[in-house]
Amino acid sequence: MLRRLADALRDGDRIAAVIRGSAINNDGRDKIGFTAPSVSGQREAILLAQKVAGVDPADIDYVEAHGTATPMGDPIEVQALTDAFRHSTDATGYCLLGSVKSGIGHTGAAAGVAGLVKAVLMLEHRELVPSLYFTEPNPRLAIEQTPFRVGTELRPWPDRGTPLAAVSAFGIGGTNAHVIVQAAPSGTRSPARRGPRVLGLSAASSTSLDRMREELAGHLDEHTGLPLPEASRTLARRTRHQRGLAVVAEEPAEAAQLLRGADASERKRPLGRVGFLFPGHGTLDHPAGAAAYRLLPGFRGYLDEMAAAFRDAAGLDITPVVAEGEAPDGWFSDTVHQHCGLLALGYALGRQLIDWGITPVGMIGNSIGELTAATVAGVWTPADAARLVHTRASATVHAEPGRMVAVKAGRDEVAARISAHPGVGIAVAGPGTVVLSGPTAAMDALLSGGALDGADTTVLDAPAAGHSEAMRPAAAILARALATATARPPQIPFLSNLTGTWAAADEVGDPDHWARQFCETVQLDDGIGELLAANCDTFLELGPGTSMSGSLRRHRDWDPERFVLPMLGRAADDRERSLLRVIGALWERGAEIDLAAVTGDSGARVCSLPPYAFDSHDPRQAPTAAPGPQPSRPAGARPGAAPSLERLWCRALGVASARAEDNFFDLGGESLMAVNLIGQVRQEFGAGVRAADFLRSPTFGALAELVGRLPDAVGPATGPDPAPALDDQGLVVLREGAGRPVFFATDVMGSSASYLALADQLGGGRPVYGLEQTGQPSAFPRIERIAAQQLKVARRAQPHGPYTLAGWSFGAMVAHEMARRLTAAGESVDLLILLDGHIRDHRGLPMAADPAVLRDAATLQFSVALGTGPLGARVRRVPGLRRRFAGNTGALLRYRPRPVACPAVLVKAAPTTPGEVAAIERDLATVYPDVRVQSTAGITGPC
């Protein structure tokens, strides 16, 4: 391809060489015959080309000769070259002479261009190649008296200035052509931003896309030094077709591996009808927008616009939402910062997507998220929205103190449980989860009573009773601020939290609507149902976390054929990679996004990559040949495992497909859902895959690798597990460290996955090990046997004490029995940590003798058996997990605990009064010689 040099430099093209000048003439009238060459005609063409190029022949290092290899043609050509060069220099033998014809023969009309291609390649690679099969020159050339000599060996291009070459081509009938070619400008590559890139391949058919994927992977393996910014830019310039495949990588080797593990046969469903989701309070706890601010100029501009609005309206600096390490301690826990940051992030993301041509057919937000949706819809200007949201958040801070608690249960069930607690109401009615709120005293009474016993509850970090009657004074302040703002009809439809239906134009312009929205229940479940009924194909969560994605997936009307993407992901993710994967997924589904511009590579050079792989048939017609290629399996998966593994993954998350880089939690997964998934994987492929290992790297590719490590002979688990090696005998490294380990006993699901997050928070730098139950669930397990087996594994890792043991709920009982057995054997236990689970001195009676323990266990057993309630609904698809839970709960009820001579700490998750703490310590004093009770607000649950 020929381009003007200035244009090629401007566009960052790969420049192989530069044509400095050329000349052409015809000397047919002056020759003795039609086919005879002419010294004068050739000499004049060469001299003119040199003049046009402005070069001195003494600076030319190589001449690609026409080289007819005839007794008359070659001497005439050398004489013409010598005459032209002698105008500048008398030197001999300094310029190499060669011809491509020695390697490929005479190509007729293509002889000249073949010689030009050879010369360009030599200049590009800075190498002088020999003329093949040359032994000695034709004596008639008298070459020793000329500036030339024939090249006979491969050698580097001489370092004497800018490399220059000349190419001659002479035709029958008197046409003479000569070209002067110069090496490409060296230039220095502008330093590229470090970090991952998106490589996007596009083709008209799955066959072509699959070949391109394999060829690009091979090219990247061969060219490990290829800068990925250049590869990204090159691919981004290519024509878009209906099939796309994008991977995110930082190094060529990583990109090659991801390309080989990708499935090019799957046709991605187009974006279609898009819905925007905006999260509510509590989701912003880190600089969630930092990656988007670095990578997306559009997002950066809109965020800066909103930041200026907050500075003008309230003197508030929201920079910490996009700046790593600049937030003072406690910045994100401030309600004003939370709400203002969520508005800024949601607005900037929404406008960026719309600029990319991704306009939603509908939007829904949770609480403060509805105000973000209204701002994106154009109800308020950014300046008015900043003022209103700041007013709303400030009024919340100064409202009557209150508390909020999330309960994973249905609305009707929760309403019945709280009916006897005046002042407590439903703040958010979401799919499968209800948020309760009320004044502090009323909520304390609810939590300390038995109304929520057995329910999966989470005390939220909220300073006030949001969406309750306690917010009426704050709502009046907001209404007065709204009265001074100009409201416009929404340009994009969005759902009303008040009604769970589409917000009307006159409704959103009424200050009373937003005042009531502040105090009444958020009808999130109904609103999501309406958005699903609008037949959206793709949903995008515009804010930190995956709370809205999870709510969407839990809705009864969710269809796994739909697709949902959280734009910013979670705090624990590699946020830049996570964002780029989302952008790549949007591109795959047809979004017109310049992938190179996203990573700042629009000015990168274009490089040489494998070309488009054309199909053997018209992709618009159905092929009549053999069926297409089989989908490639993820790297690490055993042959035949990929389809089954993908089926389990998709069924667990409600997604249509799986890629190696897909993150379980980015897609709305939860910890217990992960345990469910691993239970199904173990059933399908056999023992050896553990939830904690998966949760450490919760991607589909990592899961495939875990399955790939299993022996090929392993199949569905049907009998007792074979005796495994030490690292497979139920011991999981939850955290590396130095010194004596801390052992966490199995939870009621037989897993150590529930301890993974806690392990990372423990101080001291000691290693943390999790103990898991192996083998098939027993119908009648006993705590004593479980403890003995786990103690055997623990002692192989640490033969002698002192030991540090811990456990949560059921695991606390296992840890207690392990401690008893160790001390009875004369070993030392320096500390036993009981997390939300403890025994009383029952004087040899089983745990079932405690009415509270019996009631809670019976309630959970009933819900699991019927597949109802938050726990039962999650494990109903995994019979093995259900059996494990039922067996372990029975073991707990049959267990007869005895005192242990070791110090113990009981950590209570639910708030506990000083009187209750003292009573528990008195009770436990008969069990442990040294015990203390610590209360901390956190998550309570059944495990």
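This is a predicted model: local features need pLDDT of at least 70, side-chain atom pairs count only at pLDDT 80 or more; totals for chains, interfaces and linings use all residues.

Colleague: How do I read a pair of helices, and at what angle do H11 and H13 cross?

Modeller: Two packed helices are described by the angle between their axes and the distance between the axes. Helices (H or I, at least four residues) and strands (E, at least two) are DSSP runs, numbered from the N terminus. Axes are lines fitted to C-alpha atoms, for helices over the stretch in contact, with angles from 0 to 180 degrees between N-to-C directions. Here, the axes of helix H11 (residues 335–355) and helix H13 (residues 382–397) come within 8 Å and cross at roughly 155 degrees. H11 and H13 are therefore roughly antiparallel (under 35 degrees counts as roughly parallel, over 145 as roughly antiparallel, 65 to 115 as roughly perpendicular and the rest as oblique).

Colleague: Which residues of H11 and H13 make the contact?

Modeller: Contact means heavy atoms within 4.5 Å. On the H11 side the residues include His339, Leu343 and Tyr347, and on the H13 side Ala386, Val389 and Ala393 are among them. By class, this contact has ten nonpolar, five polar and one charged residues. For the classes, Ala, Val, Leu, Ile, Met, Phe, Trp, Tyr, Cys and Pro count as nonpolar, Asp, Glu, Lys and Arg as charged, and the others, Gly among them, as polar.

Colleague: How does H13 lie against H16?

Modeller: The axes of H13 and helix H16 (residues 472–482) come within 9 Å and cross at roughly 165 degrees, so H13 and H16 are roughly antiparallel to each other. Residues of H13 including Leu388, Thr391 and Ala395 meet residues of H16, among them Ile477 and Leu478. The contact of H13 with H16 has seven nonpolar, two polar and two charged residues.

Colleague: Now the strands. What is the order of strands in the open sheet of four?

Modeller: Strands of a sheet pair through backbone hydrogen bonds, either parallel or antiparallel. Two strands pair if DSSP finds at least two bridges between them. In this open sheet the order is S12-S11-S17-S18, with parallel pairing. Strand S12 (362–365) and strand S18 (563–566) are the edges, each pairing on one side only. Strand S11 (residues 274–278) and S12 are joined by four bridges, and Phe278 has Gly365 in S12 as its bridge partner.

Colleague: Which strands pair with S24?

Modeller: Strand S23 (residues 829–835) runs parallel to S24 and is joined to S24 by four bridges. S24 also pairs in the parallel sense with strand S25 (residues 930–935), over six bridges. Leu906 is the bridge partner of Leu834 and stands opposite Val933 in S25. Five of the six residues of S24 (residues 903–908) are buried.

Colleague: Last one: is His421 buried or exposed?

Modeller: Buried means under 20% relative accessible area, exposed over 50%, and partly exposed in between (1.4 Å probe, protein chains only). His421 has 18% relative accessibility, so His421 counts as buried. His421 is found in the loop between helix H14 (411–417) and strand S14 (425–430). Leaving aside neighbours within four places in sequence, His421 is in contact with Ala445, Leu446 and Ala451.

Terms used:
Residues are numbered from 1 along each chain as its sequence is written. Side-chain values use heavy atoms; hydrogens and water are left out.
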